[in-house]
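Colleague: I have a model open and would like to learn how to read its features. Could you take me through a few of them?

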Amino acid sequence: MMPGLLGIEALSREEIEAILTRAKDFQPLQNHAFKRLDTLKGRMIVNLFFEASTRTRTSFEIAAKRLGADAISISAAGSSVSKGESLVDTLNTLAAMRPNAIVMRHSASGAPHFLSRYLPIPIINAGDGTHEHPTQALLDARTILDYRQSLEDLRVAIIGDIAHSRVARSNIFLLSKFKAEIVLCGPPPLLPPELVEMAPGVRLTPNIREAIRAVDVIMMLRVQLERQHEACFPASEYFQFYGLRLEHLELAKPNAIVMHPGPINRGREIASEVADSQSSVILNQVENGVAVRMAVLERILG
Amino acid sequence: MKRLVIKNGRVIDPATRRDEIADVAIEEGRIATVGKDLETIGAEIFDATGLVVAPGFIDMHVHFREPGFEHAETIETGSRAAAAGGFTSVCPMPNTIPVNDNAAVTRYIIERAKHFALTNVFPVGAITKNSEGVELAAIGSMKEAGAVAISDDGRPVMNARVMRRAMETARAFDLPVIDHCEDLNLSAGGDMHEGSVSTRLGLRGIPSCSEDVMVARNILLAEFTKTKFHVAHVSSRRSVELIAEAKRRGLPVTCEATPHHIALCDDDMPPYDSDFKMKPPLRSRTDVAGVVDGIVSGLVDAIATDHAPHPGSEKMQEFEKCPFGVIGLETALGIALQVLYHSGKVPLARMVELFTAAPARILGLDRGTLAPGSPGDVTIFDTEHRWTYDVNRSNSKSKNSPFHGRTFRGGPTATIVNGVFVWRRE
């Protein structure tokens with residue numbers, strides 16, 4: 001049993017494999033008429049989202065319910081946070097109602113890590129600032145494994161605003177544990193050189209064609225305008241230099257897959273034709289979100 | 001006549017180049033004699049056998065939060081922490097409410113200190129009104145009221161023209177200009193040193209170049225205006241090099257380093273622990289080595305703590321929301337002994353100079369020496385005693401220290417201000 005899930009960085013390869021294997025068991029449930037198990041019957045999970053989210057929040061809620069747990073979702077707007085209560089006090093208040101776990105998303109990097117020092121209940125990080133988004137990396141890995149035998153020795157390109165991306169960080173940590181080769185690509189101001197020190201097997205290039213050459217997986221990132229405090233790259237030419245277009249796919253391996261954590265901005269970081277192409281597995285990612293989060297919740301609360 | 005004789009200590013007085021076993025006699029609050037076997041009849045005696053007897057330590061960079069933020073620290077509690085750290089004189093920075101930008105506030109601080117402080121208090125006045133970086137503060141009258149330097153610490157003067165005028169004015173009143181060197185555009189939004197740790201943690205970075213460009217700018221302005229300029233809390237290797245170049249060219253440029261910047265690097269921070277968040281931030285291992293090398297080679301003039309108290313309520317938040325600053329008065333000597341002396345990098349006399357003669361020289365204080373006739377400020381410390389810092393027992397009102405739980409070898413034994421014991425180790 002894990003104490004919670006704050007990030008991928010601290011997870012062992014074995015723990016990751018166990019979650020991915022278990023998630024595979026949950027995949028067929030999606031197609032059953034009756035989808036509810038009672039593994040976590042009587043458990044209560046609080047989803048606390050201080051940042052807007054549709055897919056992650058819904059997916060956690062569905063995952064909890066399919067396992068038979070009670071799930072309550074709270075968004076920061078309208079909560080006591082908007083009345084000036086500190087984060088610690090808000091969490092302590094919720095913890096006093098004795099939920100079995102808190103799933104939280106927060107705009108501050110490290111917010112769940114900070115809280116976990118003071119709270120006696122497991123915290124599941126559903127995205128903290130520009131730091132980590134562990135369940136996203138897990139569902140991405142699950143999705144890759146639906147198309148590839150193994151994560152070992154894969155070549156993966158991650159393209160976009162790497163500096164501000166928690167999805168990129170969690171994926172770098174995860175893929176590196178499986179010795180994948182990771183090529184990070186984006187405009188130089190969004191591609192700090194220190195990224196290569198994050199994990200073994202990481203290299204950088206500002207050139208999208210070079211990044212995509214002979215890769216198995218292309219992960220596109222959303223241009224995160226809300227996380228940039230300045231203009232790091234001229235928006236008018238972003239698509240021209242960093243948008244994924246059909247012509248790029250020829251550079252990748254023949255059966256390469258295209259991923260995106262969503263929500264996608266068609267015509268900004270990804271061409272519509274690519275998003276809707278045979279190579280795109282974007283909706284598979286969403287589908288796997290439920291199975292992976294079920295595996296995570298079961299592992300922490302089961 | 002009140003006479004105190006400190007017997008048999010290792011008397012280290014860098015200003016008079018003394019380093020020998022001797023006695024120090026203090027009469028009527030002033031150093032009377034230093035020598036062997038001094039007369040003790042009718043005198044109070046302190047046996048300093050096995051201890052170091054040094055001039056009273058001067059911390060030229062503290063924040064005592066009074067007036068305005070008395071919930072974080074007061075002149076009284078701050079001076080208690082200072083005394084417990086072996087400091088006999090402190091220089092509170094002007095970022096109070098109201099800002100110390102005129103003689104009335106300067107006098108208020110000095111008046112409060114007279115009544116409540118255990119140590120001497122020499123205020124630093126602001127460079128600009130309300131430290132807004134626009135209009136010059138009342139620099140001349142603050143000097144007359146007792147300010148020993150000017151600085152807009154924490155709110156660096158971004159406008160080079162304003163800094164030029166400030167330097168010219170400071171020169172007229174023979175005041176050093178102290179600057180917290182930070183280009184606010186380059187550092188904007190940053191929470192820790194920009195490097196591999198900030199990248200891994202997803203925290204916005206404060207690049208070392210944000211410090212370097214301001215050090216460079218200010219050196220050029222100091223050269224142009226022929227004004228004494230002091231770099232507060234130098235933290236980057238490149239800045240040390242810039243200061244070295246300025247000194248080689250004979251410019252009146254000095255600098256200080258803090259204990260935390262010589263003891264800790266960015267990688268030492270437990271993830272998102274706000275007790276390790278300050279400005280300038282803990283930098284890379286290379287930068288730390290650069291600052292320590294600067295101390296060893298004599299380029300770094302002084303050690304100053306930048307003691308910056310913040311109450312727990314402010315530090316117990318999301319990392320990005322927490323204010324910058326850590327307390328440091330009580331751990332400064334322990335850190336200096338560990339990083340500089342016990343490591344074999346710096347002789348004890350040089351370490352003492354960093355706390356005494358050097359800051360006195362920079363600020364033009366008639367202290368920092370045991371020369372007969374000087375004020376009777378003495379710091380007695382030992383180099384071997386092992387002790388563990390418990391921040392919850394700190395004399396400071398605030399508990400934001402990155403050194404909680406650290407074990408030290410050596411530290412203050414007693415602190416004497418103007419001939420009177422203000423603190424003794426229990």
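This is a predicted model: local features need pLDDT of at least 70, side-chain atom pairs count only at pLDDT 80 or more; totals for chains, interfaces and linings use all residues.

Colleague: Which order do the strands of the open sheet in chain A take?

Modeller: Strands of a sheet pair through backbone hydrogen bonds, either parallel or antiparallel. Strands here are DSSP runs of E, at least two residues long, and helices are runs of H or I, at least four, numbered from the N terminus; two strands pair if DSSP finds at least two bridges between them. In chain A, five strands form an open sheet in the order β7-β6-β5-β8-β9, with parallel pairing. Its edge strands, β7 (202–205) and β9 (257–259) of chain A, each pair on one side only. Within the sheet, β5 (residues 155–159) and β8 (residues 217–220) of chain A are joined by four bridges, and A157(A) sits opposite I218(A) of β8(A).

Colleague: Is helix α6 of chain A mostly covered or mostly uncovered?

Modeller: Call a residue buried if 20 or more other C-beta atoms lie within 10 Å of its own, exposed if 12 or fewer, and partly exposed in between, with C-beta atoms placed from the backbone. By that rule α6(A) is mostly covered, with 11 of its 12 residues buried. Among them are R166(A), F173(A) and K177(A). After α6(A) comes K179(A), whose phi is positive, near 60°.

Colleague: Why does I45(A) count as buried?

Modeller: I45(A) is buried because 26 other C-beta atoms lie within 10 Å. This residue belongs to strand β1 (residues 44–49) of chain A. Contact means C-beta atoms, placed from the backbone, within 7 Å; leaving out residues up to four places away in sequence, I45(A) touches several residues, including A64(A), P99(A) and L297(A).

Colleague: And what domains does chain B have?

Modeller: Domain bounds come from an automatic or database domain assignment. For chain B it gives domain 1 (3–52 + 377–385 + 409–424) and domain 2 (55–363). Their contact takes 20 residues from domain 1 of chain B and 24 residues from domain 2 of chain B. On the domain 1 side, β18(B) gives the most, with seven residues.

Key
Residues are numbered from 1 along each chain as its sequence is written. Chains are lettered from A and ligands numbered from 1 in the order in which they are written. Two residues are in contact if their C-beta atoms, placed from the backbone, lie within 7 Å.
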